[in-house]
Amino acid sequence: AMAKNKAVNDAFNIGKTAAAANQWDAAVDGFSKASEVDPNQHVVWGNLADSYVSRSKATPANKDADLAKAAEAYQKAIAIKADDSAYHNNYALVLAQQKKYDEAQAELTKAAQIDPANAGKFYFNLGAVYVNTGNVEPAATAFKKAIDLDPNYAEAYYQYGISLMGKATIDNGKTTAPPGTAEAFQKYLDLAPNGPNADTAKAMMASMGATVQVNFSQQKGAPAQQKKKQ
C-alpha cells in the first residue's frame with residue numbers, strides 16, 4: 001500500500017509540476033500514470049481532464065481528440081465524487097465545445113444545485129451555451145437568473161443586455177429594445193465602468209436613445225471560468 005501511494009504521489013506531482021509550466025504532454029503523461037496506479041482518486045482524474053482541456057487549446061490540431069479524453073476523465077471524476085460542482089461545470093464546458101448542448105445544460109444545472117453559492121456563475125455559463133447555439137430566449141433567462149443570484153456580476157448584466165438586444169426592433173433608425181435592456185447595460189457600467197465591454201454598452205444605450213449615467217464605482221464581477229482542482 002505504501003509503495004502504491006508513493007507511485008501515485010510521484011506521478012501526480014510530476015503532472016502538477018508539468019502543468020504549472022504549461023507542459024501539457026508531460027502533465028497528461030504524469031496524471032495518466034497516476035490514474036493507472038490508482039483509478040479511484042477523483043483529484044487525479046480531474047487534473048488529467050484539466051490538462052487535456054489545456055492541451056486542446058495549446059494544440060488545436062488535436063482538439064477533438066483531447067476534448068473527448070477530457071470528457072471521459074471528467075466522467076470518471078464525477079463517478080467518484082458526484083457532489084463536486086467544479087467537475088460538473090468543467091465537464092459541461094467540454095460538452096459545449098463538443099456541441100452537446102443538452103448534456104452541457106444538464107451538467108450546469110447539477111452544478112448550480114450542488115453549489116448554490118456559485119450558482120450565478122453556473123447559470124452564466126449556461127447562458128453562454130445558449131448564446132453559442134443561437135437560442136436568444138433561454139440565454140436571456142439564464143443570464144437573468146445569474147443576475148438574480150449574484151447582483152454584482154457585471155458580465156452577466158452585459159450579456160443579459162446583449163441577449164435582450166437580440167429581440168430589439170428598428171423603425172426609422174430608432175432601436176426599440178425590450179424593457180430592462182438599457183438598465184442592464186447601465187448596471188454593467190456601474191459595476192465595471194472601465195470594463196472590456198464598456199464602450200459597447202454605451203453604444204447600445206445610445207442606439208436606444210438612453211442616457212449613460214457616469215459614476216466612479218470600482219470594477220466588480222468577471223466572466224465565469226473553468227474551476228481548477230487542487
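Does F124 count as buried or exposed, and at what relative accessibility? In this predicted model, F124 has a relative accessibility of 7% and therefore counts as buried, since the cut-off for that class is under 20%.

View 1. Taken along the principal axes, the box filled by the C-alpha atoms is roughly 75 × 35 × 35 Å. The protein chain has 230 residues, of which 45% count as buried.

**View 2. The stacked pair of F124 and Y153.** A pair of aromatic rings is described by the distance of the centres and the angle of the planes. The structure holds 5 aromatic pairs, and one of them joins F124 and Y153, whose ring centres are 5.2 Å apart and whose planes stand at 25°, so that this pair is stacked, the cut-off for stacking being under 30 degrees. F124 belongs to helix α7 (residues 119–132), whereas Y153 sits in the loop between α8 (136–149) and α9 (154–165), and the pair therefore ties together parts that lie 29 residues apart in sequence.

**View 3. The crossing of helices α3 and α4.** Helix α3 (residues 42–58) and helix α4 (residues 63–80) have axes that come within 8 Å of each other and cross at roughly 160°. Because an angle over 145 degrees counts as roughly antiparallel, α3 is roughly antiparallel to α4. The crossing in which α3 passes α4 is left-handed.

**View 4. The residues where α3 meets α4.** On the side of α3, the residues that take part include H42, W45, L48, Y52 and R55, while those on the side of α4 include K63, L67, A70, Y74 and I80. When the residues of this contact of α3 with α4 are sorted by kind, 11 are nonpolar, 3 are polar and 6 are charged.

Terms used. Residues are numbered from 1 along each chain as its sequence is written. This is a predicted model: local features need pLDDT of at least 70, side-chain atom pairs count only at pLDDT 80 or more; totals for chains, interfaces and linings use all residues. Side-chain values use heavy atoms; hydrogens and water are left out. Axes are lines fitted to C-alpha atoms, for helices over the stretch in contact, and angles run from 0 to 180 degrees between N-to-C directions. Helices (H or I, at least four residues) and strands (E, at least two) are DSSP runs, numbered from the N terminus. Angles under 35 degrees count as roughly parallel, over 145 as roughly antiparallel, 65 to 115 as roughly perpendicular and the rest as oblique. A crossing is left-handed if the near helix is turned anticlockwise from the far one by less than a right angle, and right-handed if clockwise. Contact means heavy atoms within 4.5 Å. Ala, Val, Leu, Ile, Met, Phe, Trp, Tyr, Cys and Pro count as nonpolar, Asp, Glu, Lys and Arg as charged, and the others, Gly among them, as polar. Rings of Phe, Tyr and Trp (its six-membered ring) pair if their centres lie within 6.5 Å; planes under 30 degrees apart count as stacked, over 60 as edge-to-face and the rest as tilted. Buried means under 20% relative accessible area, exposed over 50%, partly exposed in between (1.4 Å probe, protein chains only).
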